[in-house]
Amino acid sequence: QIQFAPASSAEKLAKTILCWNEDGNEQAHAGDVIYGLSGETRGSHLLEMMFRISNDSFYEMVCSAGKFFDVAIFCEYANHDVSNFVMQTLLNTARTREHVELLIKCVEEIIVSGFVLDPKNKRRGILWRAVEMASKFRIGQETLLKCMKKGFKALNMDGTVSMLLDLKQPEKEGGRLILDATGARTVYQLLHFVPRLCNDVLSGILEYSADELENMCNDGLASRCIIDGILDGPTKQKPFSQAVKKLFSKLEGRWVSLSVSRVGHHTVRKIFIKLQSMDDKAALSAELAQGINRLNGNSMGRSIITDCAVKDYLESKEVWESAVKKRMEKESFLKDIFEGNLDGGEKKRKRKRKKVKEGTIETDQDEVKKLKENE
């Protein structure tokens, strides 16, 4: 996100709108202006934009003037039908670990009380953004999970995942799955917590029936947030490795129908890559081979025949194993390239420092002096 620079025209405009006092640290009017803007439909959008594009220094000053890190005031904003969206943006734009720690304390009370968990209150966006923030900064994850358990208990609700998703099966064959969109996004972020904290969430997802899981795979939102949340996780370590294997077992006998689905075939491709055991990969290829005529019926199915080495499996075990190994090597190669691009290319080499004799201290300035003397 592009941020405006300190003392820029954009910052001057923002300060003018907020009636900012440049002469001293005390803001006699800015706090009241912020309060008024946050509760007004158009003004709240302006305040949200300030959160997103302000430089770190001005962001800190606006938060201080609005007293957003005060628990009581945060809760007051969260209760309002309009200003709660400003709080969601505040959670989404936290800049430092200190901000995150303060905001986690602010949301604890309204989570434990069940206020942001109850769908009737329409405040689940605050929970989503709080969980997203904790996932991003790796702070307060265990605290939020404990607060959620207490909150659902206060509402006499059982099961974190089932309560968040509020899943309803399609009324007729070919109909759409109904689920809480904000709840699904919250579950997606919960799956990005450290693996040891994901066990309950994974268990909650896999408690759904095979029919429900298949419908999730065929639904755009559920597939992206729930199924991909599992398959894009650290699948080489527990509990994600166990979850992938259990998901594969629960959907046994349904892989061909998923392979010819516009959305579902993505899950088939991913799970073939993520299965750790060659025996499990072989079992998937075998099931797909039994429905090869159906797979040949559309482009999605034909792509699965190639990606899951179905024809190679029909030829011989040795040919199939060779094809799968090449497929996995290619996948690993592409992953390394992709991760390298995300990291900005090659990692910077660490500067090697010369060892110095005990009792002497040699600084960078001393090295510069020596180089100049040698010139």
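Among contacts in the chain between residues at least 6 apart in sequence, what percentage join residues at least 24 apart? The figure is 65%. The points below concern a predicted model.

1. **Confidence.** The chain has a mean pLDDT of 87, and 88% of its residues reach 70 or more. Over residues 345-365, however, the pLDDT is below 50, and this stretch has 8 contacts in the model beyond near neighbours in sequence. Where pLDDT is low, the predicted coordinates should not be read in detail.

2. **Overall make-up.** The chain contains 23 helices and 0 strands. It has 375 residues, of which 44% count as buried.

3. **The nonpolar core.** The largest nonpolar core comprises 104 residues. Phe68, Phe74, Met216 and Leu288 are the residues with the most contacts inside this core. For leucine 288, the partners beyond four places in sequence are Trp255, Val256, Ser259, Val268, Leu295, Ile304, Cys308 and Val310.

4. **Packing of α7 against α8.** Helix α7 spans residues 97-112 and helix α8 spans residues 124-137. Their axes lie 10 Å apart, and the helices pack at an angle of about 145 degrees. The crossing of α7 and α8 is left-handed. From α7, the residues that take part are Arg97, Val100, Leu103, Ile104, Val107, Ile110 and Ile111; they meet Ile126, Leu127, Ala130, Met133, Ala134 and Phe137 of α8. By class, this contact has 12 nonpolar residues, no polar residues and 1 charged residue.

5. **Histidine 99.** Helix α7 also holds histidine 99. Is histidine 99 buried or exposed? Histidine 99 counts as buried because its relative accessibility is 3%, and the cut-off for burial is under 20%. With neighbours up to four places away in sequence left aside, histidine 99 is in contact with Tyr59, Glu60, Phe69 and Ala94.

6. **Two residues with positive phi.** Lysine 122 lies in the loop between α7 and α8, and its phi is near 55 degrees, a positive value in a residue other than glycine. At 69% relative accessibility, lysine 122 counts as exposed. Arginine 138 is placed in the loop between α8 and α9. The phi of arginine 138 is near 60 degrees, again positive in a residue other than glycine; this arginine is partly exposed, with a relative accessible area of 46%. A reader may wish to note both positions, because most residues other than glycine have a negative phi.

7. **Glutamate 142.** Helix α9 (residues 141-154) includes glutamate 142. Its relative accessibility is 38%, and it therefore counts as partly exposed. Which residues does glutamate 142 contact, leaving aside its neighbours within four places in sequence? They are Arg196 and Leu197. Glutamate 142 and valine 194 stand 52 residues apart in sequence, with 9.5 Å between their C-alpha atoms.

8. **Leucine 258.** Helix α16 (residues 255-259) contains leucine 258, which is buried with a relative accessible area of 0%. Beyond four places in sequence, leucine 258 is in contact with Glu214, Cys217, Asn218, Leu251, Gly264, His265 and Val268. The C-alpha atoms of leucine 258 and methionine 300 are 9.6 Å apart, although 42 residues separate the two in sequence.

9. **Threonine 267.** Helix α17 (residues 264-274) carries threonine 267. Why does threonine 267 count as buried? The reason is that its relative accessible area is 0%, where buried means under 20%. Not counting residues up to four places away in sequence, threonine 267 touches Cys217, Ser223, Ile227, Leu231 and Trp255. Among these partners, Cys217 is also contacted by leucine 258, and Trp255 is also contacted by leucine 288.

10. **A cis peptide bond.** Where in the chain is proline 239 found? Proline 239 is in the loop between α14 (220-231) and α15 (240-250). The peptide bond from lysine 238 to proline 239 is cis, with omega near 0 degrees. By way of background, most peptide bonds are trans.

Note on methods
Residues are numbered from 1 along each chain as its sequence is written. This is a predicted model: local features need pLDDT of at least 70, side-chain atom pairs count only at pLDDT 80 or more; totals for chains, interfaces and linings use all residues. Side-chain values use heavy atoms; hydrogens and water are left out. A nonpolar core is a set of buried Ala, Val, Leu, Ile, Met, Phe, Trp, Tyr and Cys residues joined through side-chain atoms within 4.5 Å. Buried means under 20% relative accessible area, exposed over 50%, partly exposed in between (1.4 Å probe, protein chains only). Contact means heavy atoms within 4.5 Å. Axes are lines fitted to C-alpha atoms, for helices over the stretch in contact, and angles run from 0 to 180 degrees between N-to-C directions. Helices (H or I, at least four residues) and strands (E, at least two) are DSSP runs, numbered from the N terminus. A crossing is left-handed if the near helix is turned anticlockwise from the far one by less than a right angle, and right-handed if clockwise. Ala, Val, Leu, Ile, Met, Phe, Trp, Tyr, Cys and Pro count as nonpolar, Asp, Glu, Lys and Arg as charged, and the others, Gly among them, as polar. pLDDT is the predictor's confidence in each residue, from 0 to 100.
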